[in-house]
Amino acid sequence: MALLNPGQAKFEVEWPSMRPTVLKLIRQEPVNRREWHDLFWSVHAVCLWDNNGPNKLYQALQEDILEFIRHAQSRVLQYQEDSALLKAYIAEWGKFFTQCDYLPKPFNQLEVSLSKDKENVVKKKGEESIVRKLMLDSWNQSIFSNIKQRLQDSAMKLVRSERNGEAFDSQLVSGVRESYVNLSSDVEDKLKIYRENFEKAYLDALESFYRCEAPQYLEANGVQNYMKYADCKLKEEESRGRRYLETAWGCNSLVVLTDCCVKVLVTDYKETILQECAGMIRHNETDKLRLMFSLMDRVPEGISPMLHDLEAHIVSQGLRDMMESAETITTDSEKYVEQLLELFNKFSALVNKAFIDDPRFLTSRDKAYKSVVNDTSVFKLELPLKNKSIGTKTQPESKCPELLANYCDMLLRKTPLSKKLTSEEVESKLRDVLLVLKYVQNKDVFMRYHKAHLTRRLILDTSADNEKEENMVEWLREVGMPADYVNKLARMFQDVKVSEDLNQEFKDAHRNNNEGIADSINIKILNAGAWARSSDRVSVSLPMELEDYIPQVEEFYRLKHSGRKLQWHHLMSNGIVTFANDIGRFDLEVTTFQMAVLFAWNQRPKSKISYESLRLATELPDAELRRTLWSLVSFPKIKRQVLSCGPEVKSPKDFDDSTQFWANQEFGLIKNGKLQKRGKINLVGRLQLSTEKSKEEDNEGIMQLRILRVQEAIVKIMKMRKKINNAALQTELVEILKNMFLPSKKLIKEQIEWLIDHKYMKRDDENINTFIYMA
Amino acid sequence: MADDMEVEAEREGCGYQKNDKMFTLKKWNLVAMWSWDVECDTCAICRVQVMDACLRCQAENKQDDCVVVWGECNHSFHNCCMTLWVKQNNRCPLCQQDWVVQRIGK
């Protein structure tokens with residue numbers, strides 16, 4: 001190609017040949033390859049060789065663009081009717097917008113030259129090209145700003161009619177939105193025009209539409225239908241929003257839309273909707289509740305009234321159920337635990353179905369269930385305070401932990417219940433107990449009863465399943481029972497094993513000597529530290545049939561060990577005696593106390609013996625002797641008793657010194673209505689292996705231990721903090737003790753006073769609510 | 001209780017012979033608790049009850065090996081505690097007499 005002279009590239013010379021192509025491009029007419037290339041060349045030449053070229057070119061371009069837009073405007077504005085106008089506008093805009101991408105391309109050199117003039121501003125990335133900006137600005141100023149209100153209005157009208165169920169070409173609305181988004185040439189905030197006009201108009205329209213619609217619907221169809229309506233409309237508006245609002249990254253239109261919808265559809269009717277909540281919970285209308293939950297979850301403070309309703313329901317329903325069956329459950333631990341579990345499962349199912357296990361609702365369930373479990377109105381456990389000088393009345397506590405422990409015992413001991421169940425069923429029921437136990441405030445009561453039951457099971461060999469026993473200990477550890485307590489239990493198992501070995505050695509040592517002692521005697525010699533409670537020892541004068549064995553055992557033990565002393569616990573020992581009478585021979589499983597009584601008849605088989613004589617012979621304390629005799633004259637559910645007495649009495653209290661007892665020569669076992677000549681019966685039964693005294697001591701012990709634990713915990717905290725105020729101390733104290741029991745305010749206060757009196761700590765001189773540790 | 005009752009029907013042989021006692025012992029399960037034969041049930045060295053293992057043995061889970069030792073003065077302590085004590089001071093911590101082992105528990 002020939003070199004150009006500078007003069008040849010003047011704007012005035014080149015423009016006439018460029019212009020037709022430019023116009024074609026603006027009008028979206030076909031341009032051939034050559035024209036397209038030439039345009040690039042000419043722009044380049046003008047910008048390089050003509051000093052004023054770029055500016056002139058820019059102006060000429062602007063004029064042509066404006067000219068085109070004017071025509072377009074007149075084409076659009078000839079339509080008076082809004083939707084026709086909208087259609088025409090969208091058509092024109094579509095064409096023009098496409099060209100916005102093409103026209104700037106040949107003018108690249110112009111961009112460079114123009115921006116060079118402006119102090120070399122480095123072109124920012126993503127900034128619109130100058131020509132494109134020119135095109136869009138011109139469109140915006142001339143056509144769009146004139147008719148945007150009408151466009152917007154008619155677009156909103158379309159949306160409104162869609163809300164009313166009419167169909168139309170959604171492209172029309174999105175077209176208007178695109179104009180808004182693309183026409184903005186503000187670099188800092190591209191969406192400003194869109195937001196201030198289109199989005200605002202959209203939201204206003206939405207709001208006014210539902211302001212009018214929603215109350216009418218609510219009025220006509222009631223709250224429950226309204227919830228469905230609101231839920232459905234929310235979804236509908238969200239999907240509509242996705243179609244008509246800008247969804248580009250960095251645009252929050254949809255969020256704003258959702259907020260607006262929620263406000264106008266839900267928040268404004270919050271109170272009305274929530275009023276229905278309690279009723280729905282009561283009637284277990286889970287589907288409706290789930291709907292309400294999904295609506296209220298979007299509203300600020302919408303959930304907390306629902307939580308409140310749920311809690312109130314669980315507490316009132318739980319307590320009502322317990323009250324209704326109070327009579328059976330207070331005496332029957334099985335029924336009680338089952339009822340508690342049934343309640344728990346019911347409430348959990350409700351939370352699961354209605355509130356899809358939302359953590360907030362689960363917390364509420366726990367809180368409410370806890371107060372049901374620990375409620376004292378159904379049954380109380382009176383914890384006595386020995387220390388009468390303080391003159392305090394006891395604070396009643398729920399009997400729940402005691403009953404839970406009893407239930408555990410029924411599952412773990414050989415009982416009708418545990419025999420009936422399969423191993424898996426027993427295990428799942430034990431797990432259930434642990435579940436309820438988690439909600440129990442005063443776990444120390446459970447621990448004490450559980451330990452007492454375990455002691456009995458191990459000593460009497462009445463565990464249904466040893467493996468399960470040991471598993472249970474580990475499960476207790478897992479649910480966070482205090483380690484020292486669990487360790488004590490584990491130690492009891494160890495100790496039993498040690499004792500079994502000892503028993504074997506004892507039998508081996510006596511295998512070959514006289515009297516068959518190896519066959520008739522089993523010994524359990526246990527570590528007092530792991531088991532004993534002092535009050536469990538009751539003195540008894542053993543009959544010589546038994547007494548004779550004692551020295552042999554003691555001698556054997558002395559040879560094995562040194563430095564140890566033995567204490568016999570006959571309350572816990574037991575055995576089998578054979579009762580031979582006129583009917584036949586029967587094996588009776590009995591306690592040692594029962595033996596002591598029965599053997600009294602060996603000296604004078606056919607005589608009647610008075611209560612007083614029996615007391616002298618056995619040396620049993622009055623209460624124990626009464627209980628023992630009662631179990632022999634009136635054992636439940638057997639027709640013929642081992643002993644008879646006269647005069648007949650209604651309860652053990654009615655025995656007096658002169659009451660006569662004699663061995664029942666007619667005693668026999670009846671099976672299928674027939675009298676048997678041989679047989680075996682267990683008369684230990686439910687005869688408690690704890691004395692009345694030790695029961696009382698149990699409860700006292702619990703209180704004593706609590707006092708010590710509180711003191712210990714306070715000292716621990718004081719040692720760490722040195723100085724602490726009352727409120728903080730209480731909080732930390734509850735935190736430390738909560739796995740064992742919930743200390744009452746009064747208990748804490750008393751122990752603080754005690755510690756102050758004993759100079760472990762003192763009150764701050766300046767603030768009596770602050771305590772200072774005294775080492 | 002009826003459920004605890006096991007009735008075994010045995011047909012042959014009944015009644016009791018003349019020499020038999022009315023009640024004879026067939027089996028006896030005896031229960032006793034052992035404890036160290038001590039005057040003071042707390043170990044003066046570690047302040048733990050002598051029936052429980054000393055803290056060191058508790059931590060090492062050697063409860064069964066933790067025995068008690070008696071001196072000539074009749075004072076008693078955990079054997080482990082005393083073994084450590086005499087390395088520093090060969091006197092009884094309670095009465096300051098020279099420590100002579102009288103016996104060790106087993």
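**View 1. Surroundings of Leu643(A) in the predicted model.** Leu643(A) touches Val597(A), Leu598(A), Trp601(A), Leu629(A), Leu632(A), Val633(A), Trp662(A), Ala663(A) and Asn664(A), leaving aside residues up to four places away in sequence. Contact here means heavy atoms within 4.5 Å. Leu643(A) is also among the residues with the most contacts inside the largest nonpolar core, which has 254 residues. A nonpolar core is a set of buried Ala, Val, Leu, Ile, Met, Phe, Trp, Tyr and Cys residues joined through side-chain atoms within 4.5 Å. Buried means under 20% relative accessible area, exposed over 50%, and partly exposed in between (1.4 Å probe, protein chains only).

This is a predicted model, in which local features need pLDDT of at least 70 and side-chain atom pairs count only at pLDDT 80 or more, while totals for chains, interfaces and linings use all residues. Residues are numbered from 1 along each chain as its sequence is written, chains are lettered from A and ligands numbered from 1 in the order in which they are written, and side-chain values use heavy atoms, with hydrogens and water left out.

**View 2. The interface of chain A and chain B.** In chain A, 81 residues are in contact with 44 residues of chain B. About 5800 Å² is buried between the two chains, and carbon and sulfur atoms give 54% of that area. Arg491(A) and Asp52(B) meet through their side chains in a salt bridge (3.1 Å, N to O); the term means a side-chain nitrogen of Lys or Arg within 4 Å of a carboxyl oxygen of Asp or Glu.

**View 3. A cis peptide bond at Pro647(A).** The bond from Gly646(A) to Pro647(A) is cis, with omega near -5 degrees. Pro647(A) sits in the loop between β8 (643-646) and β9 (660-663) of chain A. Helices (H or I, at least four residues) and strands (E, at least two) are DSSP runs, numbered from the N terminus.

View 4. Asn672(A) has a positive phi of about 50 degrees although it is not a glycine. This residue is exposed, with a relative accessible area of 76%.

Key: Buried area is the accessible area (1.4 Å probe) that two parts lose on being put together, summed over both.
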